[in-house]
Each structure stands twice: as structure tokens, then as C-alpha cells.
Amino acid sequence: MSKSRAQAKPLPFGQRIDLVTYGPFVALALLAILGGIINPTFLSPGNLTNVLTRSAFIGIIAIGGTFVISAGGIDLSVGSMAAFLSGVMIIVMNNLVETVGVSWTTVILGMLIAVGLGLAAGLVNGLVTTKGRIDSFIVTLGTMGIFRSLVTYLADGGTLSLNFQLRGIYRPVYYDSLLGVPIPILIFFLVALIGWILLNKTRFGRYCLAIGSNADVARYSAIHVDRMRTLTYVVQGLCVAVATIIYVPRLGSASSSTGVLWELEAIAAVIIGGTALKGGSSRLWGTVAGAIILSVIGNILNLTGAISQYLNGAVQGIIIIVAVLVQRSGRGR
Amino acid sequence: MADVILETQKLCKNFGPVRVLFDMDFELRRGEIHAVIGENGAGKSTLVKIVSGYHLPTEGKLLLDGKTVRFLSTKDAEDAGICMIHQEFNLANDLTVEENIFLGKERRRGPFLDRRQMQKESRAILASLETTVHPRARVKNLSVSQKQMVEIAKAVSRKADILIMDEPTAVLTRTEIQVLFRLMRSLQEQGVSIIYISHKLDEVKEIADRVTVLRDGYKVGVRSADDLSEEEMAAMMVGRDIEDMFPDRGPAPRELEVLRAEAVSSPGSVEDCSFALCEKEILGFAGLVGAGRTELMEAMLGLRERSGGRLLYRGETLSLRSYRNAIDKRIVYLSEDRKGKGLLIDKAMGFNLTLLALRRYSRSLGLIDEQAEDHSLLHAIEEFDIRAPSQRAVMQTLSGGNQQKVALGKIMEVEPDVLILDEPTRGIDVGTKQQIYFFINELAKGGKSVIVISSELPEIIGLCHRVVVMRSGRIVGEVVGADINEEEIMRYAMGIKGGNHREQEQSTG
């Protein structure tokens, strides 16, 4: 029974600073200090922008993942989806060179294809999960295999390369800066900001959390549970498309090994950020910090040389487990 | 002197800075059934949770057989012979009944499980509970009352000296309650002592030897159950006399029909149900647990598959394909399952309060007006007299009665015209019940139409203008005015009265 009776009438606004919310940022700050101590080049502006730029792909995908996970689902197909979108985007743009020519129009058409395909792929994941009443883990495990094999098929087992001249036009999207900030970082920040507003300030976001917390209660609160759940996968698909759009100009190619294990890194970023895997809670800026943490670890290992960078995955694994342990103590079991 | 098996001396418990139990002296004699009653938040659960090892006392002593004991865990308490039957189920849903009964206490033969022995024992225990539950059935496939029986069987199998029952009858039918009482008496004869927590005072009167009354964390008194009437118990709990548990309902309004259901059916649970609801009317739905009352309402509102029938709202045919359509027409439903379907217990009060009516708080671009939400929360706290640790408090930290007030506030947010309240006072203390009865009455007086589903007949009788009785998915009778009494309703509910020929004349309205 509760302690309510002993309380006086005007209720205080209970505000508490908790580990789950601020943990990821504290961890990131500690890592940065550690990195600076180990190797001062870590804190050089060049290195920092490099780390942030590299974290943008996983980060943007993880922002979509925050929606899916907070509504109680999971999407394992994102890495394969990114590879598939990259492949189709490259093929379409290469073919457009003949008709439209080497121009921004071609690139923009390619981007639109990626966005449309991302939305469609998300819609498929969402509809099969909700209408088919199949666990999202199984559905996206299936589509993960499908997307991966489709890109392998399209590339005929090899590599799809973007037309060399097109690469010249498209290149700035990844390599240029605006007001001194690399474009991928700007996009990352912008997606995070929109995501945060959507998740914390709108009805859609509120419904996602309600569904993740208890889908039955959501249904009895007149929320269209299936529709909202499907939408989270569509948001995820859109985020994958955006990540693909800034990824393609980086290497200008796609193959069966593009985006391998991205899904795990994205989920890890979400969890490190403080979102509960079982749904019902979300920490969008935590996800951003989580994605950066993963990228910082790799970078520090690169710079030290003390630990082989082949152990990158092991260190990341430890961080994930420690993060969850810390969060659990913060949530008070 | 009586043989005291368990005693607490000056027991105090603080949660953070808040003290919830004050100098509690409680005494349990060997072989007695001792009821502990009090309003929600009175400290009943806290007291038994200390006794059963869930909480450590902040101050004071716990004596078992005259010796001071200190339970650091429930296992310590179980080893000392104290076993608790929970209000919330602690069963593993994917395991069988038998596996649950022996969970953690598996019978073994060498390194292997002795399944034959466990099956034999579980059969015997289930038979003593006169339940039809099969030992090999999966718990997830059981009904709520069957789960409760399994929970009881589990506790009995532990062969405890002291058995603590926290509202075991809340979800049981009358017959099941009688079986449980017989079992309790036979355990009593074997020397088992039972602490029995319940809100149902008639049951306390029937089964208990002595009654300890708590209020606001203090012990008000302990009496022999024979010396105490139900009214006196209620008065001790609340600290004042409850003269009028039920408000004056006024004459039955029968002029303006608001809602009419025609031949509503739902596969496997509801068949061909028709009834009508008038403006300013409180219409009761009585029947045994499982009679299909909840299912009928859910089928009407698009929360459950409907295989036939139609719904008229103020003369207009309604197509309620989803609950959202019902909400748009301002027809709301309060679920009987507060924690499973009504409220998000891990979310804050405000989050829950506005969830159903969130569209009202939407501004441009779908952004939510959080200030308006806060304003509504303050208003609801004031209007419903909600007592919570803080405004940002998570639902879990509220007592059952206060949770129910938030649930009521939540459906009131859509400014409903028709309210369907399913077991609106389940698991709630007397004082809050009274508040809710008056609230429902005010709603009806103010022009709303209310349907109340309840398994507590006194509530139906005291509150409603008209009562519809259901049995096995069908509407079998209707009682109005002076005919609203326990005997008449039970005759319909049990199938003694109200054959099929009566069904055509239903739904006068």
C-alpha cells in the first residue's frame, strides 16, 4: 500500500536527477577526458569532427530505432536495409546518367528513390509485424536476410560503384562543411532535434511510449496501436534512408558487406542512451550520446595502440553491459 | 492466556521521509483467523509485508513464538513457516499449474524431479479447493479466479504455520469464496493461523475470529469479530460514521433513450443481447463472474470482435469499428482491469490522465500543450481528491483507491455523455467507494447516462435505477424499482428465473 495518506495537500513537483537520463552524457565526458589523457590528438578539432562525422550513420539509424524500441518493437533489418538502399540508389543514379546526365538532378532523384524505398521497407516491416501478428524480432530477422541477399544479387556478388563523375557532384554531401561544421554532423543534429520533438512533444511520441509501456492499456485508451507501431517502422525506414544518403558519397560504392552489424550498433546506441529495451521509455539525446560513445571508443583504441583495435568489439560489448547495469541501479530495480 | 504465535511490538516503517506505520502492536494467536481491515493506505499491506519478509521494519520488534526474529528476505519468513498469498499474482505464466505450485520447492527423488509425487500432491490440494483446474494446464490459459485458486494452492502446499491472505476473494465468485472459507476453516482446525486482509466486511464478519482495524498507519483497535457489526467496522476504519453509503438516487428517469443495443453478439462470449439506456439513468449490470457483461460492453464499443447486432445512439445507428469512434461520440468505458488495461502503472499521473483525450491537448503540428495538461492534472487532483506523493508521482506509488480516481479522471477528460463503468470500486476502501458512488450519482443527475457493471450486489442495489442481469452471455432478466433486491437478482443470475421466453421482452426503455 502507498504512503499517500501521510502527505499534505499541495503536492510538490517531484523532480529528480537520475542516472538513466544523465549517465550517457557523463560517460561520454569521461571517455573524452580519458581520450585526451591517453593521446592529446584525440581532442584536436580535426579528430573530433572526424569521430562525430563517423558516428552520424549509426546515430541517425539509432534515432529511428529509438522510436521502434520505445514502442516495444525492434528492427534488426536496418543494416541490410541501408546496404540495399545504397545499392538501388547507385544503380538508379548510374542509369539516369544516360537520360538526365551528370547533374544534381540525378543525385536528387537518387535521394528521392532512397527515401521512397526506405519508407516502403519500413512500411513492410511494420505491416507484417502488426497485421501478421508476428514478433518484430522474427519479422525483421527475415527482412534482414531478404535485404542482404537482394543487395548481393544486385551487385552480382561484387561491388556496385557510383559513376565517377556523379561521385564528384555528390561528394560534398559527406565531405563538405557548412559554417565550419561537416554536413553529416549537421544532418545528424537536425534529425535528432526533429526526432526529439516528435517523440517528446507530439501525440505520436506519447502514443509510442504508451504502447511500449502496455499495449493493452493503449488500446483501451483509444489509440490505434497497430497504426502507431507501423509508423515507428516507417520512421525507422526514413532514418535509414537519410543515413544512406550521407553514406553513399563517402565511398561511392555498395556491396554485400555494406552496413554489416549496423543493426547491432544502432540498438546498442539506443540502449546505452538509456532507452529500455522492453519499451515504454525513451531518451533520444541519450541515443545520440550512445552513438557517439561507440564511435569514440573505436577512435581511442585506434589512437592508443595499447589495445589492439581488433578488440574494439569487445570493449564496446563491455560498455553496453556496464551501461545497462548502471541504468538498472538507477531505475531502482 | 491465549497462545500467541506472532507478535509485533511498536513496529514502525518509513518509506524515505514518510512514515507509513506507527507503533504497531499486532498479535496473532495460534489457530485463529485474524482479519486486518482499513482503508487503502492504512498500512495493512505494509504490516503484512514486514511480517512476510518483504520489508524490514524501521523500528520495533517482530516476535515469533516469543522469540525476536529478523527476516531479511521472504525466504527467511518462509523458512520460519510464514507464507503469503499475494493480491497480485506471482505465478509463472508459461509453466503448468503443478510446476507453479511446487516452484522452488520441487519434490525430488535423487537428482531428478519426482513428477509423480508432485502430481499426486497437487491433485490433492486442488481437489480440496474443489476447483476444476487441471494440474498440467498452463497458468496463462486460466481465468483470473482460477489463477487465484492456484495461488492459494501454492501457499497451502508450503504447509505454513502462518498464512497471510491479501484480498484473496477480490476476483472469486461466491461459490469459490465459500470453498475457500471451508478450506480456511479446515486449515484452522489443523492449527494454522491466518491473517486475512479484505475490503469485504461481510466476509470478514463471516470468517474472522478477531479483527484488527488500521487507519492512517495506526492501529485503531482489535476486537472479536462477533462483537463488531459491519457498520462499526466501517466506522472504525474511516474514523467517522458512514450513515449514507449510497446517495439518494431519485426516481428512475425513463423518458429519453440515449443508447440502445440490438441483438449484440460476440463469438464465444455474448449472444443476442439487447437493452436500452436512458438519459440521467444509472443502469446496473449484474451477473456472476464470466456472465459476459464485460464482453458485451467491449463488443459494443469496438474493443472486441462483434459478430452481430447494432447500436443506436440518440436514434442514430452507430458503427463503432474501433474504440476511437466511441470516444468521438463521447461514450467511454472504464476497464475492470485497472492495472492491465486501465492505467500505465509505470507512467506518471499526468501521462495517464490525458492519454484518452490527448487530441484535446494538441496544438498546431501535433504538438502537445503541456501547460494545459498540468492545469488539468491540478484540476483532477482537486476534484477527485487524489492523494499522491507528488504531482509527478508514478501510478505504482499510489494506493488502489487513488489509482482508480486517476482512471476516473482519465475517462472524464473526454467529457463523456455515456459512461460504462466496469467494477468501478474493485479493491477499493469504504471511504473511496462512497466518494465514487456520490460521484456517479452526480454525473447521472447532471444529465449523463451511466452503466455500472458490478459483482458486488449491495453496490448495484444501492446505486442503480434499473438492473439488467446476465447469465452465460445472455441477458436473462431486468429488475426495476422495488424489485431490485439480492434474492431477485440472484434468481436470474443463477438461472432459477428467466428462461429463453423472456428474452423477447427485454430492452424496454
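In this predicted model, A:Ile33 sits in helix H1 (residues 19-38) of chain A; helices here are DSSP runs of H or I with at least four residues, strands are runs of E with at least two, and both are numbered from the N terminus. With a relative accessibility of 52%, A:Ile33 counts as exposed (exposed means over 50% relative accessible area, buried under 20%, partly exposed in between, using a 1.4 Å probe and protein chains only). A:Ile33 belongs to a nonpolar surface patch together with A:Tyr22, A:Phe25, A:Val26, A:Leu30 and A:Ile37, and the accessible area of the group comes to about 620 Å². Patches are built from residues with over 30% relative accessible area and no salt bridge, joining nonpolar side chains (Val, Leu, Ile, Met, Phe, Trp, Tyr) within 5 Å and like charges within 9 Å. The areas come from the Shrake-Rupley method with a 1.4 Å probe, and for residues only the protein chains shown count as cover.

A word on conventions: residues are numbered from 1 along each chain as its sequence is written, while chains are lettered from A and ligands numbered from 1 in the order in which they are written. Local features need pLDDT of at least 70 and side-chain atom pairs count only at pLDDT 80 or more, while totals for chains, interfaces and linings use all residues, and side-chain values use heavy atoms, with hydrogens and water left out.

Chain A as a whole has 14 helices and four strands. Its radius of gyration is 21 Å, close to the 20 Å that the globule rule gives for 333 residues, so chain A is as compact as a globular protein of that length (the radius is taken over C-alpha atoms, and the rule is 2.2 Å times the number of residues to the power 0.38). Along the principal axes, the C-alpha atoms of chain A fill a box of roughly 75 × 55 × 35 Å. Of the 333 residues in chain A, 52% are buried.

Over to chain B, where a negative surface patch brings together B:Asp202, B:Glu206, B:Asp209, B:Asp226, B:Asp227, B:Glu230, B:Glu231 and B:Glu232. Asp and Glu count as negative and Lys and Arg as positive, with His and the chain ends not counted; each charge is placed at CG of Asp, CD of Glu, NZ of Lys or CZ of Arg. Helices H7 (201-207) and H8 (230-238) of chain B each supply at least two residues of the patch, and H8(B) gives the most, with three. B:Asp226 lies in the loop between strand E12 (218-224) and H8 of chain B and is exposed at 66% relative accessibility.

In one of them, B:Arg210 meets B:Glu27 at 3.3 Å, N to O. B:Arg210 is in strand E11 (residues 210-215) of chain B and B:Glu27 in strand E2 (residues 18-29) of chain B, so the pair ties together parts that are 183 residues apart in sequence. B:Arg210 is buried at 11% relative accessibility, whereas B:Glu27 is partly exposed at 28%.

B:Lys433 and B:Glu456 also form a salt bridge, with their closest N and O atoms 3.0 Å apart. B:Lys433 is buried, with 8% relative accessible area.

Key. A salt bridge is a side-chain nitrogen of Lys or Arg within 4 Å of a carboxyl oxygen of Asp or Glu.
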